[in-house]
Amino acid sequence: MQDNALHPVRRAARQGLASPIHSTTSMPAWPRTALLLALLGAQWVHAEGNPADRQTLDAVQVTGNPLGNKELAQPGQSLAGDALLLRRGASLGETVEGLPGIAATSFGPNASRPTIRGLDGERVRMLNNAGGSLDVSSLSYDHAVPVDPLVVDRIEVLRGASALLYGGNAIGGVVNTIDNRIPRSPLQGVSGATEFRLGGASNERALAAVLDGGQGPWAWHADVSRRLADDQKTPGFTAPDGQSMSHVRNSASASRSAAVGGSWVDRDGYAGLSFDDYRNDYGVTVEPDVKIAMQRQRVAGAGEWRWNDGPLRKLQWQFSRARYQHDEIEGDGSLGTRFAQRGSELRLQAEHAPLAGARGVLGWQLEQSRFEVQGEEALMPSNRNRAQGLFILEQWSDGPWQLGLGARRDQVRVRSDGDASDAADARFGPATERRFSPASASASLSWHPMPALGLSLNVNHSERAPSAGELFASGVHVATGAFEQGDATLGLEHASGLDLGMHWKHASGSVEINAYRTRFKDYIALRATGATVPGEGEESLPVYAYQAVAARVQGLELQVQQDLRLGWLPGALSGWQWQAGLQLDWVQGQDLSHGEPLPRMAPRRSTLSLDGQGGAWGLRLEIQQTAAQNRVPAIDRPTPGYTLARLSLSRQFRWQQADALWYLKLDNLGNALGYRAASMSTIRDWAPLPGRSVSTGVQLRF
């Protein structure tokens, strides 16, 4: 295959500014890793005092939990502290992949977005501090999420239909990244953390620093990060063009971010502002000579006021305004296609005083955006979107019982600018506008017959308005290698779901099971029509069209943890604290209208883990087995299964006046060749999972 075989149309030749990505360094990865290990060993000689305690944070989940309940009827999970530190990847998708029910799409190592229970794109809501991310990562699989996990304090994932609080684009679930850019509690003096990472399959070099401080009622925050990576190494594989390869081509990246924020805080609330700038230059794997230069700038504000009496007990507000742009740069430095978006969001939420035994919140949310695309690879017309919604959530508690009822109503407007009147290749037609009124409702019931046992039931109905791409797309999409056709007559997507859960926690372990089933009416699917259009040269491209079909998604998630006594181990290991873990998740999607599986469903996955803690040392062994995905539609191919083994070692120590954590991670010990079934078939065979690698890092907290 020629380098430009996936280019179906000639790119515009307008001159632009290229952002070069360096894929070589002056020192190979392994010597640098060994050098860092030696330096860290030298620091241990001078370590002072006892090892620092592991970082702990409030265990109450925030996302989808405005009343601060200790238990959620809807399954959720959070990553924070050392658990987040040891899981951090180069992207948000890579970081949360492997949590129960969470997989990831992959367009190479740089553009990876979470999928939740088999759903992705417009059905998974990406949030930052409970506000919209305001990016275009859901538009195409080669668009990265503009978040660097290095500066995130906490990641929360809410699985299942959470449209009640966050709108129809959360039918699959929510991923919320939480930071302290707007401080919410008083701070005195200065504290912070810095982290350095080195190695891995992409020869990553990353550095991040976070500072927090304050005096009196004023608090401030600042953070910076820098990350460089080379082309990702893989086990040997044969690429679609017949080449034998041992790396993912054109996958190098260079990213950086910076943010400042401040707030006024007292015992009754806070109010603050923040500004952040994120930039990421990375290669487009299916096009060996194309780079993406991305930038997002975002200003955000948030506040909260609390009262002990009166009709209102809490009032929360937040707003954000973002400017996003990414340029696709050709190998000769010219600008191919430019995507730009301006977006804003405003959200108000009030908690009322207990009324007839009920606690509850009422809220209003407004979002609007302006999306523009320029270049011959413009897949859709420039468009404007506006959505506003009202929501209410009420909860009653009576002993071991808790009942929750909620509803939300939105007004959504999607407007296409159409083609310019003098356009020579008019594809989008005249300007047009569609309006929708999606509604959502949910009911949840939880029961704790004993302190150790909890049962939950959640029934919900959610509606989603189609996106601008689903309505108005008409053009070649290089990321999918197909001509995509929208349908301007599409209506609302309807989903009705049932979620059952059981959580049992005893003195030496816990068991959690969740089973779910969702039926879709008018599920908006991108399906092959059987038609083709001319590509470059003699190549033809398949035509895919957005169609509304009946569908069903169902699955099961299981987590088991059990403390172990391993006194038979030699030496000091016999006195360590050990915990074994088992995790299993399975999801199945079916297109009921055509009698075939839904595309890109993650296969069954099981994980066995063993965690050990002995004084300052920590150890984790994990073996993850991913089954083959043979339930695929006719247009796709099965994905073979694979097994990954991972080992990590960590040590806490004191260095000068700082608490420190050093870690060493060995990934894919067996150098297994694996592909993500949740990825588009056009990229899957070009970008296998990382091969065997070693990485190390250290975090200092002061």
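**Close-up views of a predicted model**

View 1. Arginine 205 is buried, because its relative accessible area of 16% falls under 20%. The model shown here, and in every view below, is predicted. Arginine 205 belongs to strand E9, which covers residues 204-215. A polar atom of the arginine 205 side chain lies 2.6 Å from the backbone oxygen of asparagine 203.

**View 2. The open sheet of five strands.** The strand order is E1-E6-E7-E4-E5. The sheet is open and its pairing is mixed. Strand E1 (76-80) and strand E5 (131-132) stand at the edges. Each has a single partner strand, so one side of each lacks a neighbour in the sheet. Strands of a sheet pair through backbone hydrogen bonds, parallel or antiparallel.

**View 3. The pairing of E1 with E6.** E1 and strand E6 (residues 154-159) run antiparallel. Five bridges join them. Glycine 76 has leucine 158, in E6, as its bridge partner.

View 4. Strand E11 spans residues 233-238, and strand E12 spans residues 244-247. The two run antiparallel and are joined by three bridges. Lysine 233 stands opposite histidine 247 of E12. Five residues lie between the strands of this hairpin. Glycine 242 takes a positive phi there, near 95°.

View 5. The patch has an area of about 860 Å². Its members include the tryptophans Trp396, Trp401 and Trp447. Also among them are Leu403, Leu405, Leu445, Leu455, Leu457, Val459, Leu498 and Leu500. Strands E20 (401-416), E22 (439-450), E23 (453-464) and E26 (493-506) each supply at least two residues of the patch. Leucine 405 sits in strand E20. Its relative accessibility is 39%, so leucine 405 counts as partly exposed.

**View 6. The largest nonpolar core, and another apart from it.** The largest nonpolar core holds 27 residues. Those touching the most other members are Phe107, Val284, Val286, Met294, Phe371, Ile683 and Trp686. Strand E14 (269-283), strand E15 (291-306) and strand E18 (358-374) are the elements that give two or more residues to this core. In soluble globular proteins, nonpolar side chains tend to be buried together.

Notes. Residues are numbered from 1 along each chain as its sequence is written. This is a predicted model: local features need pLDDT of at least 70, side-chain atom pairs count only at pLDDT 80 or more; totals for chains, interfaces and linings use all residues. Side-chain values use heavy atoms; hydrogens and water are left out. Helices (H or I, at least four residues) and strands (E, at least two) are DSSP runs, numbered from the N terminus. Buried means under 20% relative accessible area, exposed over 50%, partly exposed in between (1.4 Å probe, protein chains only). A polar contact is a pair of N or O atoms within 3.5 Å; within protein, one must be able to donate a hydrogen and the other to accept it, and residues adjacent in sequence count only if both atoms are side-chain atoms. Two strands pair if DSSP finds at least two bridges between them. Patches are made of residues with over 30% relative accessible area and no salt bridge: like charges are joined within 9 Å, nonpolar side chains (Val, Leu, Ile, Met, Phe, Trp, Tyr) within 5 Å. Accessible areas come from the Shrake-Rupley method with a 1.4 Å probe; for residues, only the protein chains shown count as cover. A salt bridge is a side-chain nitrogen of Lys or Arg within 4 Å of a carboxyl oxygen of Asp or Glu. A nonpolar core is a set of buried Ala, Val, Leu, Ile, Met, Phe, Trp, Tyr and Cys residues joined through side-chain atoms within 4.5 Å.
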